[in-house]
Structure formats: structure tokens, C-alpha cells
Amino acid sequence: MAKYFIKWNVGYGDSYEVVESETKEEAMSMAYEMYKDEYENNADYDAVLFTEDIAENYGLEDELDG
């Protein structure tokens with residue numbers, strides 16, 4: 001088995017690791033899985049009811065009804 005240096009970046013700078021793999025394609029798959037795991041662990045999203053306060057805070061007053 002060969003050693004590969006894999007790296008990924010989800011917007012916070014490079015992360016990297018040395019892995020053992022039979023092929024480059026397998027090592028690329030490992031890099032993708034590491035990227036995906038880090039990306040998913042750093043995700044931040046939400047859904048809240050749209051209110052007048054939110055409209056004012058985000059400059060979306062034209063989205064208010066009436």
C-alpha cells in the first residue's frame with residue numbers, strides 16, 4: 001500500500017492527513033470524505049418566521065405585506 005498526502009479546504013484553510021491507500025482514486029475518495037465530514041460539521045443554517053424585525057435588520061422591508 002502506498003502513502004498519500006491528502007488535503008481539503010472548507011473555507012478555513014487547508015486541512016491535511018497522510019493515509020495509506022491502494023490507488024490514487026481511493027485516496028481522493030478519502031480526501032472527499034474528510035472534506036464532506038468537516039463541511040457538514042461546520043454548517044450553520046436556520047429557518048425562522050419572517051417578521052418586521054427581521055425585515056428591518058436585513059433591509060428587506062419591501063418583502064413585508066401591506
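This briefing walks through the core, the salt bridges and a surface patch of the structure above. Keep in mind that the model is predicted. Its largest nonpolar core has five residues, and the count of salt bridges comes to two. On the surface, four residues form a nonpolar patch: Phe50, Tyr58, Leu60 and Leu64.

**The core**
- Ile6, Trp8, Val19, Ala27 and Ala31 make up the largest nonpolar core.
- Strand β1 (2-9) and helix α1 (24-41) each supply at least two residues of this core.
- Take a look at Trp8: leaving aside residues up to four places away in sequence, Trp8 touches Gly13, Asp14, Ser15, Tyr16, Glu17, Ala31, Met34, Tyr35 and Glu38.

**The salt bridges**
- Lys7 has a relative accessible area of 52%, so Lys7 is exposed, while Asp14, at 48%, counts as partly exposed. The cut-off that separates these two classes is 50%.
- The other salt bridge links the side chains of Glu33 and Lys36, at 3.9 Å from N to O.
- Both Glu33 and Lys36 sit in helix α1, three residues apart, which is about one turn of the helix.
- Glu33 is partly exposed at 34% relative accessible area, and Lys36 is partly exposed at 27%.

**The surface patch**
- Together, Phe50, Tyr58, Leu60 and Leu64 have about 390 Å² of accessible area.
- You can find Tyr58 in helix α2, which covers residues 52-58.
- Tyr58 counts as exposed because its relative accessibility is 62%.

Definitions and conventions:
Residues numbered from 1 in each chain as written. Predicted model: local features only at pLDDT ≥ 70, side-chain atom pairs only at ≥ 80, totals over all residues. Heavy atoms only, no water. Patch = residues over 30% accessible without salt bridge, like charges linked within 9 Å, V, L, I, M, F, W, Y side chains within 5 Å. Areas by Shrake-Rupley, 256 points an atom, 1.4 Å probe, with all protein chains shown as cover. Helix = DSSP H or I, 4+ residues; strand = E, 2+ residues; numbered from the N terminus. Buried < 20%, exposed > 50% of the residue type's maximum accessible area, 1.4 Å probe, protein only. Core = buried A, V, L, I, M, F, W, Y, C linked by side-chain atoms within 4.5 Å. Contact = heavy atoms within 4.5 Å.
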